[in-house]
Amino acid sequence: MGHNMADVVRLRSRPCVSGQKYIERRRQEEQDRRKDILAAITIQTWLRGLRVRAYMRYLHDAATTIQRHWRGFFQRKSFHVLLRNALHTRNMEFYNCKAFNIQKIWRGYYVRKYVHNYYARKIYLETLMVANQITRIQLKEIVGSKACEWDRRFRESDEQRMDRLACRTHYLVSTRQIPGIYNSPFLKEPMDMERRLIEARPRINAERFLISARNSTRDWTEMSYQKPCSIPHIRAKKPQGPFLEQSQIWRHRLKPLEPTLRVATSFTSAEEAALEQKREEWRTRVIDDAFLPFANHRKNKKYEPLLQTSCAFGSIDYGTHHFRDTDTTKNISKKALAYTWKLEDGRRSK
Amino acid sequence: MTQRQLLQVLEEYLKGRMHFVQTMSELASRGQNMKMLKNANVMALLQPLMLDVDPSVQQIATQALGRLVGHSEEMAKELVQGEVLPQIVNSLPKHNNYYKKAATLVLRSVAKHSATLAKAVVDCGTLDSLMICLDEFDPGVKESAIWVLCHVARHNEDLAQAVVDAGAVPFLVLSMQEPEIALRRVAVSALSDISKHSMELAHIVAETGTIAILAQMILNPDTKLKRQVFSVLSQIGKHSVDLAELVVEAEVFPTVFICLQDPDEVVRKNVAILVCEIAKHTSELSQLIVNAGALPALVDFIGENEGSVRLPAVMALGYIAAHAETLATAVIMSLGIPQLTQVLSNEAEENYVRAATAWSLGQIGGHSSEHAVAVAGENVLPKLLQIYTSPDSSDDFQNKAKNALKNILQKCVHLPALEPLLRDSPQNILKHVVIQYSKVLPHDSMARRTFVKSGALQRIQEIKTAPGSELLEHINTIKSCFPEEVVRFYSPGYSEVLLERMEKFNPTY
């Protein structure tokens, strides 16, 4: 407590200020000091807490506000992207549906028209049967007419052959004395060959050549037929304007489909090919039993002992016990070679 | 000795020589005398007479030699070794037509025996002299010359190439158009012998515009010419697709079927060979042939003929059916299958015809289940099985029957047709029959009923299988289509099991 002059003057001027009360008051103050300090601390802590909490609340609110604003801004920005993607997906799904539809219709059309055309095949088989009938009838007619001719020619050739034979064997004709072989007494009348023999006349050389010349039938039938060259069209009026040519237009319209390899292969072609290969393999396989691997080969292997151990005469020492030749017949001296070496205790071993 | 006596002696000598060669010539034309003539060493006597002063002796001696050599190969070898051929060849251009004919007769007789002899003939430089002969006017000379070429080119490709290199083909084409029939025949036969060896030779023959000329000769009335014409066409068409297309483009096809009913057997066979060789290549060609009406012609042909004549027609049907499924249906609809089964069962001697029929049936039935049903309907499968299992069919026949069976079995789902196969097929075929059953039975109740009724269920359970094999699995699949009591009822030995149970059963009063 700072004492200044004013206080001192004031205190001195006051009547009956006893020093006693002042001392008591001071004593009381001293006694209450602790309580007052604690009270003050309590008040201060509570106040500090209040202040800090208010500050924290303020900070939280500030942060929340910032975050709120930021989130809104950011999501609104990415919402555009999200919206674009969603739109894209929806569009693609729509287009895919339409594409599936087109592909479905195209595949059905292509297969039904180019790969397996049921109605065309049906019509083809029916027309083929009709054509076969017609062919059969035509063949019969032609062959029938030819058959008469063939028959006639065969019979004629037969006749000619018999006549020629009669010419060559004219001496077989029967005479009054000796009946010929074709004039058997047991028959009522002589055979046909007899008649030919009687009618056979000798051929003159010139005639022979003539006959042979006539027989080599000259074929004038196959003269080559010349096709007349085609006459060009008569053009009455030249068509107006620089139009495309008719032929070009029609060619373009009637252009046949030339599918690429990708289109033309069916998409089960790999599986079909595999199946076909399997079937082909089964069909052409000559031996049907499976070739079993030698599974028990090692198990069933019989143990074959070494020749050395299984041999009745046992093994020789050479190669196991000693490696030096023991045959002394070729040695200069008759004794076997002896080796000695010095042992530790000065002795020599043999 | 006066002049007159000398002339007389010479005349007698000439007469003697003439008499000798004439008798030799006549004797040599008959085959029975060959041995006698060989033993009498007539060849050595005739050879010097070929170089005789008098031309008629020369000709007749050459002719006699030609006939002799034509009958036996050893004499031909002797002639070649005697080195007479070069002299003949060299003197060919100089002498008259009769000599040329006789000399070409000798050459032809030597060349026809074997390839080495033909090569010897060619090595003497025959081909050039022959070209000179071909230039002559006389058709007889041309014919003999072409005949030599024919015999030379027949043996192998090199000789045919040598003939072509000598420039023979244009001459042959020109000779084909001559009026004389014998010349045409032999020219066509020479072309046939050239073109049969390889694709290049066939190309050379086809390039010169022959096919169009041949196509016009098809309806010629002469039989031997027709034989050769069809033979050439089939030799040309057999090598490659382009050549076959060339033959087809000449518009032979509907006309050719008329000749399938020709009275001569060889002509018919050659036509059938032509159809077979062309149908073999691609499905477009087969389709072309079918569109031209081949199927009724071939089917009727098979029905009316016997033996090895039918073989090419049967193979043609097989090739046609093999190419495309539509064509196989067409074959079925043209009633091909009854004819083929008739061949299979009735053909007594020729096993290779039956083997070809088995192959064709396999090709027809292998396309889809409808085809397999159509083929199996005529009781074909048991016949094929019988052929496969019988020990006296040849290996080739067995293989073909097995392939055909497998082909048809892969696709056949018609159970009444498969049933006879359950009885006595070997394991590998049985497995597939069972597989087919296991495909159909789970879905078809009528089939199951007939299966049980016909006793097939019992038979299936009697099959001995190794445990764990595929066959057992399939049998189990089939068994699982039926209720257990039914399976047990039809299991083998069930009656014994029942009897045992009955014996053990004590009736309780």
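The dialogue below takes up these features in turn.

Q: Which conventions apply to this model?

A: This is a predicted model, in which local features need pLDDT of at least 70 and side-chain atom pairs count only at pLDDT 80 or more, while totals for chains, interfaces and linings use all residues. Residues are numbered from 1 along each chain as its sequence is written, chains are lettered from A and ligands numbered from 1 in the order in which they are written, and side-chain values use heavy atoms, with hydrogens and water left out.

Q: How many residues of chain A are in contact with chain B?

A: Contact means heavy atoms within 4.5 Å. Here 28 residues of chain A meet 41 residues of chain B. Buried area is the accessible area (1.4 Å probe) that two parts lose on being put together, summed over both; between chain A and chain B this area is about 3,200 Å², with 55% from carbon and sulfur atoms.

Q: How many salt bridges does the rule find across the interface of chain A and chain B?

A: A salt bridge is a side-chain nitrogen of Lys or Arg within 4 Å of a carboxyl oxygen of Asp or Glu. The rule finds two across this interface; a salt bridge joins the side chains of A:R121 and B:E325, at 2.6 Å from N to O.

Q: Which elements give two or more residues to the side of chain A that touches chain B?

A: Helices (H or I, at least four residues) and strands (E, at least two) are DSSP runs, numbered from the N terminus. The elements in question are α3 (118-168) and α8 (269-284) of chain A. Of these, α3(A) provides the largest share, 14 residues.

Q: Which element of chain A has the lowest mean pLDDT?

A: The score pLDDT is the predictor's confidence in each residue, from 0 to 100. Helix α5 (residues 205-215) of chain A has the lowest mean, 58, whereas helix α2 (residues 19-115) of chain A has the highest, 92. Over residues 216-227 of chain A the pLDDT is below 50, yet this stretch has 14 contacts in the model beyond near neighbours in sequence. Chain A as a whole averages 82, and 85% of the residues score at least 70.

Q: Why is B:Q47 classed as buried?

A: Buried means under 20% relative accessible area, exposed over 50%, and partly exposed in between (1.4 Å probe, protein chains only). B:Q47 is classed as buried because its relative accessible area is 18%. This residue lies in helix α3 (residues 42-49) of chain B and touches B:L65, B:L79 and B:V84, not counting residues up to four places away in sequence.
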